[in-house]
Structure formats: structure tokens, C-alpha cells
Amino acid sequence: MKKVYLLASMVLAGGFAFGQQAVQQAPFAVNRLATQLSTDANEQPQQISGQRGGAFWSEDFANGLNSTNGTWTQGGADQIWKHSFFTTSGEWSTGTPAFASTTAANGYMLFDADSVNFIVSPNYVDRQGELISPSIDCSSEGSVLCEFEQNFRFCCATNIVLTLDVSNDGGTSWTSYPVDNGVATNDGSANPDVVGINISAVAANEGNVMLRFSFGGTGISHYYWAVDDINLSSANPDDVALNWSQQRATTTYNNVKIPYTMYPINHIQPIEFAGTMQNNGSNTQTVTLDVVVTDAGLNPVFTGSSVSTSLAAGNTVTDSTTTTFTPPGIVEDYTVAMTANYPNIGSDATPADNLDDTWFFGTSSGNFRRGTNFYTGSGLWNGDDGNGITNAFEIGTVYQMANNDDVTGISFVVNGNTDPGAIAYVSLYQDDGTAFNLLWTSAGSADEVTITAGMIPAVGPDPVFVYTPVPNISVNAGDDLVVVVGHYGGPDAIVVSNGNITPPDITNYILDGTDNTWYWMASTPDVRLHLSGSTIGVEEEIENGIGLSQNKPNPFSGVTTITYSLEESANVSFEVVDITGKVVYTSNEGNRAAGQYNIELNGKDFAAGAYYYSLTANDKRVTKKMMITK
């Protein structure tokens, strides 16, 4: 079968292989990833947008641990917090930029695990340590907002490893607040990352409050954490934030609900909308999660709300809409706007964090995907052995079958750290709950892919997908399919791009070729599954002697290519109309001999939305639909 390379949207997948042998069935194990897996950030809203100023207590660490507020102390297994003016200098953090806190010039506190590891061991060792404040008097404060600046990187714990802990009894008991802000394992945070947390539930009206910055939290890790410029101030009366939101299928895998950004028409499932709301103000609020879904024409097709909840200052609630949305047919562009709503929203201190309108999804003839349509960053890969040789691996994600179907193809995208000439293959597994059972692989066959320069995209929208056909493997309703791309290892690297979506735990996998063990990962590999109705990889249909292909990529925002063919010579014209029927583009192709031709369109010349393009050859006309995004 021939290989097809195309532009398309992103998705995710998981797996692993080793050597130039056929892929063997590996035992299924869910462990934390022990290798140095590099990942892109999957950003989520911060707890509170900055409200700096008006602090009743502050700390800039100008004097290190010996503050004018009193003496800071250390706790935990590794007491390696230090007053620093320089970035970490460890083996695994080469090139880390200096901390850009507001008062970095007078120093900051750094938990420098990586430098310590470099000194005492050639390999990394997980570290855990705490930075503990002196007692703080909050007895006259009816609400307390804690803000600070940070920069960090952690790996490879499977749970929260950075927490702000607050005590009101002199350190006997602590309440923990995660402060990783959704940054993925082994990725760097913003620099600086400004964090704000309403700690009123613990600190308000208390005279013996203590703060503890715990590197390790409920897990252990390594790398570094820099902290500076801590402010305690009174919270605004009205300030509710939507900290996290997501659309997701209502069915579960490993007891979690998986989000998709493209559903095949034969596998459409009811879609649930969920979010976490936090009361960062001082007043108790009655909050609801409100959701509006619009189609490509921005017409509302679904509205829903959660049950109203009374939310005290400093508390959070995670809720979902009481109704679900089932798409009625093929619509490639749904946009989801979720709002943390409450009666006093008009006086909200930071209205920008009440709304999240970044979620989108669509339905298609036969394409499944997880992830966005925008390629950024360094990608996902297993690293090398230190001598320029990459390890063998498979990496991918899970897709759930709602009905019986046939798998017809798998595609993936690599990023700019990939070497032309590297050989990739794809594999399809079925997870029966105890093992990943191999259903099909292109490893060792003519359908292996040799990566070319044209398959390695520049940063931006519409990544280049590498497509491999699958010989109609039948799958059943209820099957959990693990779809992966694999690399044999060697001097030429393959770096799979990140889908740029924060996934639920234990839904993305990597198979380590050094120990033949599956691990789950906290990022989204960019791999897509194609089923029987898919138009990806299908040759253009000949209609009345004219062949007109679906534009690739579709949807697109940059350049898209439309291929057409003629069985005999003809006078050819081409036009594009919008959904109102208005002609927005025309091209006279002139007299063309029998053969195949391409037309390129630039999405920058059009507004976002749905369009129809038509090719006329003599008196015969063929039309197809396309989508433009911005």
C-alpha cells in the first residue's frame, strides 16, 4: 500500500517498540515514567489574576532565611532550599533561564535539587523539602489572599509535587493548595508564574498563621523550584474564577472521562461539560457553571448549567452541567464557552478569569482525534542515551469504540526536533484491562515511514500529518484502542508533537524500549485514528470526468491545497462561496489538458467560517465544503 502524507488537525496516541523486530505484546504496567520524557506545557488558568499591592505582610527574601519578618526554617527529607541569585546548575537543567521575579536582584529562595544531584550522583535522585515561614498575625483580617512569584520544573511524579501549605496552629496541622497550575510533568513553568490563592478558609482571623512551600507535596520529584515576592492582602469581596474546564465523553476509561476534539459520526457520544470554580473573594457566593455551545456560524446549539452551589471564601467546587449535548450530525466546528456565574458577577474583581472559551470539538465522517490543531514547542519524546543515540519507543493514546467499525488508517505529526531519514511505524492495540493486545502493526512491513523534511512542520497551525493505511481491522463496540507511533531507536530521532491538551490521568501511554514496560504519561501525543467513514487517505472521486479532492488540511487557517483531475481537456474555472452564497473568490484556470492539477488557497484572505468551493470543467460542476479557522 502506498504511503500518504497530508496536512490535518492534531490528535493523540501511545505505545512502544524495540529493535528491528516485530512489536511484541508487552505487559501492561501503570508506573511513573522513569525516563527523561520532555513535554510541552498544557496551560490552565491561574488561580487568581494578580491583585498585587495593599499587602499587610510581604517577603522578598532580601536577607535569605533571616527575614525582617522572622526566621524562615526548613523541613522534609532534603533541606536544600538556599538564598540564590543564580539559576539551577544541574545536569538535567542546562540552559534554564534566570528567575525573572520582581525583586530577583536581591535574591530569591531556590530548591535546587538538580544541582545537588549533579554534585552527589551522575543520575537524578528524587528530593523532598519544605520552606517554612515564621508566624504571621492575620487576626485582624477577615479574608486573606496569598500571592507569590515562582518558576519551576518537576519530574517524574504522577501526582502533585508543588504545594503551598497553610497552618493556623503553629505548624501542627496543614491545609495544602496545589500550585503547579496544570504545567505538565518535566516541563518548565512561566517565568515568572504569578500565583494567587485565597487562603481565608485557614488564615482569616487567625493569629498564628504559617506558610510552607513544599517541594514534594504528596509525591517526590527532582529539578528545581524558585519562590519570591510573597504578599498577603485582603481579598476583594466578589471574585470567582473558573480554574479548570473541559468537554469530555460521558463514557469512562480507567474510571476517567476522556475529552475528544473530533468524534466520528458513528461514534458520537453524549458530551459532558465540567469545570472547577474557586471563590477568591471574601463573600460567600452562589455559583453555577454555565455553558453555551455554538456551531461554525456562531449559532447556539446547546445551553446548560450545573446545580447552584453555595461557595464560601477560599473554597472550590467541581461540577458539571445537569444535561449533556449529543451532536446531531457532522459539524466540524463547535465552540464551547464556559462561565463561572454568580449574582454579583458584575462587580467581579477579575472578570477575565470567569470565562473559558478555548474549548472546541467537532464531528466527522470517520476521524477520531484528541488535541488541538496548533503545533508548538519541543514535542514529546524519550530522549537519548547521552551519546546521541535515541531509545526505541512507542507513544500514543486511547480511543473508545461506541459501535462496531473498521480501522482504516493511523496518522501522527512530528516536530522540528525530528531527523529526516528516521524510520517510524504505527501500531494498534486493544486494551482488555490487563494487557495491551497487538491487533496490527506496520513495523517490518512496506508501510513503515521514512521521515522526510517535508513531514517536519514549522511552528504554527495546520501541522503535517503522516498517514499510514490500515487494512480494515474490525473492532467492536466497547473496545478500548491504544493507537501509537513507534521508533526503532538509533542516531536519527523521532519527536512526536504534543496535542496541547491536558489529558486525564492514565489515558496516554509510552512503551520504554529499554525495559519493555508501558508507562502512562501526563501529556497528549499527536496521533489520530481513522475509521471506515474517514475521507483521509481516500483518493479523489471521479464525477462526470472531473476529480475534485477534499482540501488538505481541512479545517485550515494557513495554506490549503485542492487537487483536481480531468479525464479529458476542458476549460476550467474555480470559485469559492460563503454560506450565504456570496462569491468570495474566483479563478479562471484556462484550458487544461487531461491530467492532475493543484490549487492553493490562503486562509488569511478569508474570514473564519464555512465555505463551498466548486470546479467547473466545460458544463460540468463539482462542489465540496471547507472550514477556515483563525
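Strand E10 and strand E11 (residues 175-178) run antiparallel and are joined by four bridges. Here strands are DSSP runs of E with at least two residues, numbered from the N terminus, and two strands count as paired if DSSP finds at least two bridges between them. Within this pairing, Leu 164 has Tyr 177 of E11 as its bridge partner. E10 is also joined to E13, again in the antiparallel sense, by six bridges. In that pairing, the bridge partner of Asp 165 is Arg 212 of E13.

The model described here is predicted, so local features need pLDDT of at least 70 and side-chain atom pairs count only at pLDDT 80 or more, while totals for chains, interfaces and linings use all residues. Residues are numbered from 1 along each chain as its sequence is written, and side-chain values use heavy atoms, with hydrogens and water left out.

Buried stands for under 20% relative accessible area, exposed for over 50%, and partly exposed for values in between (1.4 Å probe, protein chains only). Leu 162, Leu 164 and Val 166 point one way from E10, whereas Thr 163, Asp 165 and Ser 167 point the other way, and all are buried.

Asp 165 brings the description to charged side chains. A salt bridge is taken as a side-chain nitrogen of Lys or Arg within 4 Å of a carboxyl oxygen of Asp or Glu, and by this rule the count is seven. One of them joins Asp 165 to Arg 212, with the closest N and O atoms 2.9 Å apart. This pair links distant parts of the chain, since Asp 165 belongs to strand E10 (residues 162-167) and Arg 212 to strand E13 (residues 210-215), 47 residues apart. Both Asp 165 and Arg 212 are buried. The two residues are also linked with Glu 130 in a network of salt bridges.

Arg 248 lies in strand E15 and Glu 272 in strand E19, 24 residues apart, and the pair links distant parts of the chain. Arg 248 and Glu 272 are both buried. The side chain of Glu 272 also meets Lys 257 in a salt bridge, at 2.9 Å from N to O. Here the pair links Glu 272 in strand E19 with Lys 257 in strand E17 (residues 256-257), 15 residues apart.

E15 and E19 (residues 271-279) pair over nine bridges in the antiparallel sense, and Ser 245 has Gly 275 of E19 as its bridge partner.

Another open sheet has four strands in the order E43-E42-E45-E46, and its pairing is antiparallel. Strand E43 (583-592) and strand E46 (620-628) form its edges, each pairing on one side only. Strand E42 (residues 570-578) pairs with strand E45 (residues 609-617) in the antiparallel sense over seven bridges. There, Val 577 has Tyr 612 of E45 as its bridge partner.

How many disulfides does the structure hold? A search of the whole structure finds zero, a disulfide being a pair of cysteine sulfur atoms within 2.5 Å. Cys 138 is in no disulfide, and the nearest cysteine sulfur, that of Cys 146, is 9.5 Å away. Cys 138 is buried, with a relative accessible area of 0%, and Cys 146 counts as buried at 0% relative accessibility.
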